Amino acid sequence: MDERIFPLINDYKINLLNPLEITDFSMFETGLRPLFEVLKNASDERKLNALITTDDIFKRVDVETIAAMNLFAGTDIEYEEKEEVINVCKAWEDHKKLGIQQGETKMLFTLVTKGKLDIDTAAEEAGVSVSEFEKLMSEAGYKVPETV
């Protein structure tokens, strides 16, 4: 590199924080605390779940922090952008319930497709009409069995 440009370059000091190396998050009083805690625990689903559902800091998190969590930690916490803060504990539980429901519905689709369960019973288990169940099944890419 041409040494004549060195006087033109500022030498700024930058403090870098590695959430994986932090053991005490209590020193952070902003959105960095929940963000760093999620980043540290993102690779362990059990720890992440325990953290979000038990730590009161997650009862009021600003949407910018949630967006950063979703981006950097790969979480999928839903929120309304017009809201300033949300209860991540509740959003996390809602997200888990939705995932369980979707998994149960896919299981019903598979059982119907394989002929292990009739469509009437599956629709009843899903809490929808037969026509709605057939529509959902088709939209999810499953072949709706022919009815006689």
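## Helix H1 against helix H3

In this predicted model, Pro34, Leu35, Val38 and Leu39 of H1 are in contact with Thr65, Ala68, Met69, Phe72 and Ala73 of H3, where contact means heavy atoms within 4.5 Å. Helices here are DSSP runs (H or I, at least four residues) and strands are E runs of at least two, numbered from the N terminus. By class, the contact of H1 with H3 holds eight nonpolar residues, one polar and no charged ones. Ala, Val, Leu, Ile, Met, Phe, Trp, Tyr, Cys and Pro count as nonpolar, Asp, Glu, Lys and Arg as charged, and the others, Gly among them, as polar.

H1 spans residues 32–41 and H3 residues 63–73; their axes come within 9 Å and cross at roughly 20 degrees. The axes are lines fitted to C-alpha atoms over the stretch in contact, with angles from 0 to 180 degrees between N-to-C directions. H1 and H3 are therefore roughly parallel to each other; angles under 35 degrees count as roughly parallel, over 145 as roughly antiparallel, 65 to 115 as roughly perpendicular and the rest as oblique. The crossing of H1 over H3 is right-handed, that is, the near helix is turned clockwise from the far one by less than a right angle.

## Basis of the values

Residues are numbered from 1 along each chain as its sequence is written, and side-chain values use heavy atoms, with hydrogens and water left out. Because the model is predicted, local features need pLDDT of at least 70 and side-chain atom pairs count only at pLDDT 80 or more, while totals for chains, interfaces and linings use all residues.

## Helix H1 against helix H2

The axes of H1 and H2 come within 8 Å and cross at roughly 155 degrees. That makes H1 roughly antiparallel to H2. On the H1 side the contact is made by Glu37, Val38 and Asn41, and on the H2 side by Lys47, Leu48, Leu51 and Ile52. These residues divide into four nonpolar, one polar and two charged.

## Nonpolar cores

The largest nonpolar core has 21 residues, and those with the most contacts inside it are Val38, Ile52, Phe58, Met69, Ile77 and Val88. Such a core is a set of buried Ala, Val, Leu, Ile, Met, Phe, Trp, Tyr and Cys residues joined through side-chain atoms within 4.5 Å. Buried means under 20% relative accessible area, exposed over 50%, and partly exposed in between (1.4 Å probe, protein chains only). H1, H2 (45–54), H3 and H4 (88–113) are the elements that each give two or more residues to this core.

Leaving aside residues up to four places away in sequence, Val38 touches Leu48, Leu51, Ile52, Phe58, Met69, Ala73 and Thr75. Another core, of eight residues, lies apart from the largest one and includes Phe109, Ile119, Phe133 and Met137.

## Buried and exposed sites

In H3, the buried residues are Val63, Thr65, Ile66, Ala68, Met69, Asn70 and Ala73. They pack against H1, strand S1 (61–62), strand S2 (85–86) and H4. Glu64 also belongs to H3, but at 57% relative accessibility Glu64 counts as exposed. Gly74 follows H3 and has a positive phi, near 75 degrees.

Glu21, in the segment before H1, is exposed, with a relative accessible area of 62%. Arg33, in H1, touches Phe25, Phe28, Asp55 and Ile57, not counting residues up to four places away in sequence.
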